[in-house]
Amino acid sequence: MSQLYELSEVAQQNGKNGKPCWLIIKGNVYDVTKFLGEHPGGGEALLEYGGKDATKAFKQAGHSSDAEKDLKNYKIGEINSAAPIQVQPTSIGAAKPTENTILADPEPAKKSSSGFCCC
Ligand code: HEM
(Lines give C-alpha, C1' and ligand atoms only; values in the text may rest on other atoms or scores of the structure.)
Protein backbone atom coordinates (compact mmCIF):
# COMPACT_ATOMS: atom_id res chain seq x y z
CA MET A 1 0.00 0.00 0.00
CA SER A 2 1.09 3.50 -0.82
CA GLN A 3 2.39 5.87 1.81
CA LEU A 4 -0.32 8.37 2.75
CA TYR A 5 0.43 12.03 3.38
CA GLU A 6 -1.67 14.83 4.83
CA LEU A 7 -2.00 18.04 2.81
CA SER A 8 -0.31 19.92 5.66
CA GLU A 9 2.69 17.56 5.51
CA VAL A 10 3.13 18.13 1.78
CA ALA A 11 2.71 21.89 2.20
CA GLN A 12 5.88 21.99 4.33
CA GLN A 13 8.00 20.48 1.55
CA ASN A 14 7.85 23.52 -0.70
CA GLY A 15 11.44 23.49 -1.95
CA LYS A 16 12.27 26.66 -0.05
CA ASN A 17 15.15 27.10 2.44
CA GLY A 18 16.79 23.84 1.39
CA LYS A 19 13.64 21.81 1.92
CA PRO A 20 12.62 19.07 -0.52
CA CYS A 21 10.17 20.01 -3.26
CA TRP A 22 7.02 17.89 -3.26
CA LEU A 23 3.95 18.43 -5.36
CA ILE A 24 0.55 16.86 -5.80
CA ILE A 25 -0.81 15.71 -9.14
CA LYS A 26 -4.15 13.88 -9.27
CA GLY A 27 -4.00 12.91 -5.61
CA ASN A 28 -0.47 11.52 -5.84
CA VAL A 29 2.52 13.02 -4.07
CA TYR A 30 5.76 13.52 -6.02
CA ASP A 31 9.21 14.41 -4.78
CA VAL A 32 10.71 16.43 -7.63
CA THR A 33 13.73 17.74 -5.68
CA LYS A 34 16.19 15.85 -7.89
CA PHE A 35 14.22 16.67 -11.02
CA LEU A 36 14.39 20.46 -10.60
CA GLY A 37 17.57 20.77 -12.67
CA GLU A 38 16.36 18.31 -15.34
CA HIS A 39 12.77 19.38 -15.93
CA PRO A 40 12.45 20.58 -19.56
CA GLY A 41 9.96 23.19 -18.37
CA GLY A 42 12.49 24.51 -15.84
CA GLY A 43 12.94 24.12 -12.11
CA GLU A 44 11.06 27.35 -11.42
CA ALA A 45 7.85 25.88 -12.85
CA LEU A 46 8.08 23.06 -10.33
CA LEU A 47 9.11 25.28 -7.42
CA GLU A 48 6.08 27.48 -8.04
CA TYR A 49 3.96 24.48 -7.07
CA GLY A 50 6.22 23.20 -4.31
CA GLY A 51 4.01 21.89 -1.48
CA LYS A 52 0.88 22.47 -3.57
CA ASP A 53 -1.53 20.80 -5.96
CA ALA A 54 -0.08 21.09 -9.47
CA THR A 55 -2.75 18.99 -11.22
CA LYS A 56 -4.14 21.85 -13.33
CA ALA A 57 -0.72 23.30 -14.17
CA PHE A 58 0.53 19.87 -15.21
CA LYS A 59 -2.46 19.43 -17.54
CA GLN A 60 -2.29 22.98 -18.90
CA ALA A 61 1.39 22.63 -19.80
CA GLY A 62 0.27 20.02 -22.34
CA HIS A 63 2.65 17.32 -21.17
CA SER A 64 3.29 14.37 -23.49
CA SER A 65 2.43 10.79 -22.59
CA ASP A 66 6.15 10.33 -21.94
CA ALA A 67 5.95 13.01 -19.27
CA GLU A 68 2.92 11.23 -17.79
CA LYS A 69 4.94 8.02 -17.62
CA ASP A 70 7.86 9.93 -16.11
CA LEU A 71 5.65 10.88 -13.16
CA LYS A 72 5.92 7.43 -11.59
CA ASN A 73 9.68 7.89 -11.15
CA TYR A 74 9.01 10.65 -8.64
CA LYS A 75 5.98 9.28 -6.84
CA ILE A 76 6.44 8.88 -3.10
CA GLY A 77 2.83 8.34 -2.03
CA GLU A 78 -0.73 9.60 -2.07
CA ILE A 79 -2.82 12.20 -0.35
CA ASN A 80 -4.79 10.87 2.57
CA SER A 81 -8.25 11.89 1.49
CA ALA A 82 -10.17 9.66 3.88
CA ALA A 83 -11.81 12.09 6.24
CA PRO A 84 -12.92 10.64 9.57
CA ILE A 85 -16.56 9.53 9.39
CA GLN A 86 -18.70 11.59 11.75
CA VAL A 87 -21.74 9.72 13.00
CA GLN A 88 -24.42 12.29 13.56
CA PRO A 89 -27.45 11.43 15.64
CA THR A 90 -30.54 11.61 13.44
CA SER A 91 -34.17 12.12 14.32
CA ILE A 92 -35.09 8.78 12.73
CA GLY A 93 -36.46 6.53 15.45
CA ALA A 94 -35.93 9.16 18.11
CA ALA A 95 -39.53 10.25 18.38
CA LYS A 96 -42.49 7.91 18.09
CA PRO A 97 -45.37 10.06 19.29
CA THR A 98 -48.04 7.45 18.51
CA GLU A 99 -46.46 4.73 20.61
CA ASN A 100 -47.83 5.87 23.98
CA THR A 101 -51.21 7.05 22.76
CA ILE A 102 -52.06 3.58 21.51
CA LEU A 103 -51.24 2.05 24.88
CA ALA A 104 -53.29 4.68 26.70
CA ASP A 105 -56.46 3.77 24.83
CA PRO A 106 -59.15 2.15 27.00
CA GLU A 107 -60.37 -1.26 25.92
CA PRO A 108 -64.14 -0.87 25.39
CA ALA A 109 -64.64 -4.56 24.67
CA LYS A 110 -63.96 -5.53 28.31
CA LYS A 111 -66.43 -2.96 29.72
CA SER A 112 -69.26 -4.15 27.51
CA SER A 113 -68.70 -7.75 28.47
CA SER A 114 -70.05 -7.20 32.02
CA GLY A 115 -73.14 -9.29 31.40
CA PHE A 116 -75.84 -6.55 31.10
CA CYS A 117 -77.98 -6.82 28.09
CA CYS A 118 -81.14 -4.83 27.36
CA CYS A 119 -82.74 -7.18 24.89
C1 HEM B 1 6.59 15.43 -11.62
C2 HEM B 1 6.05 16.38 -12.37
C3 HEM B 1 6.47 16.71 -13.78
C4 HEM B 1 7.11 15.95 -14.70
C5 HEM B 1 7.59 14.51 -14.56
C6 HEM B 1 7.29 16.77 -15.88
C7 HEM B 1 7.91 16.35 -17.04
C8 HEM B 1 8.06 17.12 -18.16
C9 HEM B 1 8.62 16.65 -19.40
C10 HEM B 1 9.15 15.25 -19.67
C11 HEM B 1 8.58 17.67 -20.28
C12 HEM B 1 9.07 17.67 -21.75
C13 HEM B 1 7.89 17.79 -22.69
C14 HEM B 1 6.95 16.61 -22.61
O15 HEM B 1 7.40 15.47 -22.76
O16 HEM B 1 5.75 16.86 -22.37
C17 HEM B 1 8.01 18.80 -19.58
C18 HEM B 1 7.78 20.02 -20.14
C19 HEM B 1 7.17 21.08 -19.51
N20 HEM B 1 6.68 21.08 -18.23
FE21 HEM B 1 6.74 19.56 -16.95
N22 HEM B 1 6.75 18.00 -15.66
C23 HEM B 1 6.25 18.00 -14.38
C24 HEM B 1 5.59 19.02 -13.76
C25 HEM B 1 5.34 20.23 -14.31
C26 HEM B 1 4.62 21.27 -13.65
C27 HEM B 1 4.01 21.22 -12.25
C28 HEM B 1 4.59 22.31 -14.49
C29 HEM B 1 3.91 23.59 -14.13
C30 HEM B 1 3.81 24.65 -14.80
C31 HEM B 1 5.29 21.93 -15.71
C32 HEM B 1 5.49 22.70 -16.83
C33 HEM B 1 6.12 22.31 -17.98
C34 HEM B 1 6.27 23.14 -19.17
C35 HEM B 1 5.78 24.58 -19.30
C36 HEM B 1 6.90 22.36 -20.12
C37 HEM B 1 7.23 22.76 -21.54
C38 HEM B 1 8.63 23.19 -21.70
C39 HEM B 1 8.95 23.57 -23.14
O40 HEM B 1 8.48 22.85 -24.04
O41 HEM B 1 9.62 24.55 -23.33
N42 HEM B 1 5.73 20.64 -15.55
N43 HEM B 1 7.69 18.43 -18.31
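The structure is a predicted model, in which local features need pLDDT of at least 70 and side-chain atom pairs count only at pLDDT 80 or more, while totals for chains, interfaces and linings use all residues. Residues are numbered from 1 along each chain as its sequence is written. The chain has 6 helices and 4 strands, where helices (H or I, at least four residues) and strands (E, at least two) are DSSP runs, numbered from the N terminus. Read along the sequence, these elements follow the pattern β-α-β-β-α-α-α-β-α-α.

**The sheet**

- The 4 strands form an open sheet with mixed pairing and the order β1-β4-β3-β2, and two strands count as paired if DSSP finds at least two bridges between them.
- The edge strands of this sheet are β1 and β2, each of which pairs on one side only.
- Strand β1 (residues 4-5) pairs with strand β4 (residues 75-79) in the parallel sense over 2 bridges, with L4 standing opposite E78 in β4 and Y5 standing opposite I79 in β4.
- Strand β3 (residues 28-31) runs antiparallel to β4 and is joined to it by 3 bridges; N28 has E78 as its bridge partner in β4, and V29 has G77 as its bridge partner there.
- β2 and β3 also run antiparallel, joined by 4 bridges, and the partner of I24 in β3 is V29.
- In a regular strand the side chains alternate between the two faces of the sheet.

**The hairpin and two residues with positive phi**

- β2 and β3 form a hairpin with 2 residues between them, and K26 in the turn has a positive phi of about 50 degrees.
- Most residues other than glycine have a negative phi, and most peptide bonds are trans.
- K26 lies in the loop between β2 and β3 and is exposed, with 12 other C-beta atoms within 10 Å; a residue is called buried if 20 or more other C-beta atoms lie within 10 Å of its own, exposed if 12 or fewer, and partly exposed in between, with C-beta atoms placed from the backbone.
- N17, a residue other than glycine, likewise has a positive phi, near 50 degrees, and is found in the loop between α1 (7-12) and β2.
- N17 is exposed, with 5 other C-beta atoms within 10 Å.

**The nonpolar core and contacts**

- Buried residues make up 14% of the 119 residues in the chain.
- The largest nonpolar core has 13 residues, and those with the most contacts inside it are W22, L23, I24, I25, Y30 and A54; such a core is a set of buried Ala, Val, Leu, Ile, Met, Phe, Trp, Tyr and Cys residues joined through C-beta atoms within 7 Å.
- β2 (22-25) and β3 each supply at least two residues of this core, and the largest share, 4 residues, comes from β2.
- Leaving aside its neighbours within four places in sequence, A54 is in contact with L23, I24, I25 and Y49, where contact means that the C-beta atoms of two residues, placed from the backbone, lie within 7 Å.
- Among contacts in the chain between residues at least 6 apart in sequence, 66% join residues at least 24 apart.

**The loop residue D53**

- D53 is found in the loop between α2 and α3 and is partly exposed, with 16 other C-beta atoms within 10 Å.
- The C-alpha atoms of D53 and V10 are separated by 9.4 Å, although these residues are 43 residues apart along the chain.

**The shell around the ligand**

- There are 20 residues around the ligand, and G41, A54, A61, S64 and A67 come nearest; a residue is near a molecule or strand if its C-beta atom, placed from the backbone, lies within 6 Å of it.
- The elements that give two or more residues to this shell are α2 (43-48), α3 (55-60) and α4 (65-70), and α4 gives the most, with 3 residues.
- The shell divides into 14 nonpolar, 4 polar and 2 charged residues, where Ala, Val, Leu, Ile, Met, Phe, Trp, Tyr, Cys and Pro count as nonpolar, Asp, Glu, Lys and Arg as charged, and the others, Gly among them, as polar.
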